[in-house]
Amino acid sequence: MRKLVFALLLLIAAAAPAFAVDPGEKLADPALEARARAISQELRCLVCQNQSIDDSNADLARDLRRIVRERLTAGDTDAQVVDFIVARYGEFVLLRPRLEAATWLLWFGPALVLLIGGLAVFVLFRRNGAGAPAALDPAESARLTRILGETERPGSER
């Protein structure tokens, strides 16, 4: 039973998120540290690319976390810190890009593709006559009756 409990505790510990922030990096002021962590979670690690600098163990991420903490300690606002990092490394460093003219396609592209696809499906169904078929005129009806009469001879099995 003890082995089972130990194994479960080990699995829980392994499944817990591993934050890359070293205890030596943390600021003494809890409010500044909370701001630094919030900013770090919004900035992309340029080495890992799909992790925030808060989660990454890369040297560049460590340097970026240090810069964030230095700027906050110097008295910058959160927006000023982010602007400083963006000015240095470009918009790609933001995990959530800003809504600007240059990023409209990024923000609205998926909805635009979905809208165009839905419109294409609608037009395709309308063009192919998804409605009820037109009624036969008397000449077509007589011809159909004659064709069906020829194929269904009395006594023939289908």
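Arg37 and Asp54 are both buried, a state defined as under 20% relative accessible area, with exposed standing for over 50% and partly exposed for values in between (1.4 Å probe, protein chains only). The structure is a predicted model, in which local features need pLDDT of at least 70 and side-chain atom pairs count only at pLDDT 80 or more, whereas totals for chains, interfaces and linings use all residues. Residues are numbered from 1 along each chain as its sequence is written, and side-chain values use heavy atoms, with hydrogens and water left out.

Between Arg37 and Asp54 there is a salt bridge whose closest N and O atoms are 2.8 Å apart, the term denoting a side-chain nitrogen of Lys or Arg within 4 Å of a carboxyl oxygen of Asp or Glu. This pair links distant parts of the chain, since Arg37 belongs to helix α2 and Asp54 to the loop between α2 and α3, 17 residues apart; helices are DSSP runs (H or I, at least four residues), numbered from the N terminus. By the salt-bridge rule, the count comes to seven. Another of these joins Arg35 to Asp78, with 2.7 Å between the closest N and O atoms. Because Arg35 lies in helix α2 and Asp78 in helix α4, this pair ties together parts that are 43 residues apart in sequence. Arg35 is partly exposed at 29% relative accessibility, and Asp78 is likewise partly exposed, at 32%. A salt bridge is also formed by Glu70 and Arg66, whose closest N and O atoms are 2.9 Å apart; these residues are four apart in helix α3 and are therefore separated by about one helical turn. Relative accessibilities of 43% for Glu70 and 42% for Arg66 place each of them in the partly exposed class.

Asp76, found in the loop between α3 (59–73) and α4, counts as buried at 14% relative accessibility. The side chain of Asp76 makes a polar contact of 2.7 Å with that of Arg71, where a polar contact is a pair of N or O atoms within 3.5 Å, one of which, within protein, must be able to donate a hydrogen and the other to accept it, and where residues adjacent in sequence count only if both atoms are side-chain atoms. When neighbours within four places in sequence are left aside, Asp76 is in contact (heavy atoms within 4.5 Å) with Arg35, Arg71 and Val81.

Residues up to four places away in sequence not being counted, Ile85 touches Leu43, Leu64, Ile67, Val68, Gly90 and Val93.

The loop between α4 (78–89) and α5 (104–127) holds Leu99, which is exposed with a relative accessible area of 56%. Pro97 is placed in the loop between α4 and α5 and, beyond residues up to four places away in sequence, touches Thr103, Leu106 and Trp107. The C-alpha atoms of Pro97 and Glu42 are separated by 9.7 Å, although these residues are 55 apart along the chain.

How values were computed:
Helices (H or I, at least four residues) and strands (E, at least two) are DSSP runs, numbered from the N terminus.
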